[in-house]
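Biologist: Before we begin, could you take me through how you read a model of this kind, one feature after another?
Modeller: Gladly; let us look at it together and start with the surface.

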Amino acid sequence: MEYIWYILAALGAGIGTGFAGLSAATVMVPILIVLCPSFRGETGAYQATAIALASDILGSAVTAMTYIKYKNIDLKRGWIMLTCILTMSTVGSYAAWLVGNVVLGSFTLFLTFFIGIRFLIKPDTAREKTVAKGDKLDRKGIAISLFFGLTIGFGTGFVGTGGGMMMLVVFTMFLGMELKSAVGTSTFIMTFTALIASVSHIIIHPAIILERWDVMLICIVVATIASSVSAQFANRVNNRTVGLVTGFVLTIMGAVLIVLHYLSNLSSA
């Protein structure tokens, strides 16, 4: 039965990445730690995080390639975020190992739910006046990129996300990017951050490869295929449709997983 949840988790993660640049962990980690008993042990959430990050590597790469094909990427306004996030993701991975299962599990459940609500309230995250692709950052943009880049980078390693949702919000609300350009840029960055963070997780806890190689393989393959297909679709529909679909799925899934999580805790108490 767990293998069905592995496939569904990877499928949802890939769709989220292709549609809105969401990290695989946003969907995958809550499903694995709540619905799969083998991930409820002492290091279960940490292993789920590493698997989600590994799935993010190819999933984000194929998504970024699709958005590049449609010319929806703007690295001139995203290079500072890229540099900061790469620097801090390893630090976050080590901190996650020290903190352990409880914080990671609870955080990702509520993150999923509130991200879904945020999309439903405002499906199109772009400002009314967006900047032209390739425009250089001003001083305010540089300061914003440094602050959020460092914090998102730490969160990438700590929570096991590629930082896609956070980057999407920063790029659209603070740096003025159009939604699809923001998704393309964030998934490009996630390709590298997920690689660094997943390697860091595996080095810190090598048992992930030895004990969970089959789960990791399934999740990587399914998430990559789903990311490619959903990215193609997302580039053909308007921003509002993408936001509403993403918000609906994440809100429902987040609410259900929170209820299941706390019901299981009550029954085991």
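Biologist: Which residues make the nonpolar surface patch of about 640 Å²?
Modeller: In soluble globular proteins, nonpolar side chains tend to be buried together. In this model, which is predicted, the nonpolar surface patch is made by Leu120, Leu244, Val245, Phe248, Val249, Ile252, Val256 and Leu260. Its largest share, seven residues, comes from helix 10, which spans residues 239-268.

Biologist: How should I read the confidence, and which elements have the lowest and the highest mean pLDDT?
Modeller: Where pLDDT is low, the predicted coordinates should not be read in detail. The mean pLDDT of the protein is 82, and 86% of its residues reach 70 or more. Among the elements, helix 5 (residues 101-121) has the lowest mean, 68, whereas helix 9 (residues 207-234) has the highest, 93.

Biologist: How many helices and strands does the secondary structure of the protein come to?
Modeller: There are 10 helices and zero strands, and from the N terminus on the order of elements reads α-α-α-α-α-α-α-α-α-α. Of the contacts with a separation of 6 or more, 86% are accounted for by residues 24 or more positions apart.

Biologist: Let us turn to the interior: what percentage of the 269 residues is buried, and which members of the largest nonpolar core touch the most other members?
Modeller: Buried residues make up 55% of the protein. The largest nonpolar core holds 64 residues, of which Met28, Phe39, Met81, Met167 and Phe171 touch the most other members. The accessible surface comes to about 11500 Å², and 74% of that surface belongs to carbon and sulfur atoms.

Biologist: Is helix 7, residues 164-174, mostly covered or mostly open?
Modeller: Helix 7 is mostly covered, with eight of its 11 residues buried; among them are Met167, Leu168, Val170 and Phe171. Just after this helix, Gly176 takes a positive phi of about 75°.

Biologist: Which residues does Phe171 touch, not counting those up to four places away in sequence?
Modeller: Phe171 touches Arg77, Gly78, Met81, Gly176, Met177, Ala182, Thr185, Ser186 and Ile189. Within that list, Met81 is, like Phe171 itself, one of the core residues that touch the most other members.

Note on methods. Residues are numbered from 1 along each chain as its sequence is written. This is a predicted model: local features need pLDDT of at least 70, side-chain atom pairs count only at pLDDT 80 or more; totals for chains, interfaces and linings use all residues. Side-chain values use heavy atoms; hydrogens and water are left out. pLDDT is the predictor's confidence in each residue, from 0 to 100. Helices (H or I, at least four residues) and strands (E, at least two) are DSSP runs, numbered from the N terminus. Patches are made of residues with over 30% relative accessible area and no salt bridge: like charges are joined within 9 Å, nonpolar side chains (Val, Leu, Ile, Met, Phe, Trp, Tyr) within 5 Å. Accessible areas come from the Shrake-Rupley method with a 1.4 Å probe; for residues, only the protein chains shown count as cover. A salt bridge is a side-chain nitrogen of Lys or Arg within 4 Å of a carboxyl oxygen of Asp or Glu. A nonpolar core is a set of buried Ala, Val, Leu, Ile, Met, Phe, Trp, Tyr and Cys residues joined through side-chain atoms within 4.5 Å. Buried means under 20% relative accessible area, exposed over 50%, partly exposed in between (1.4 Å probe, protein chains only). Contact means heavy atoms within 4.5 Å.
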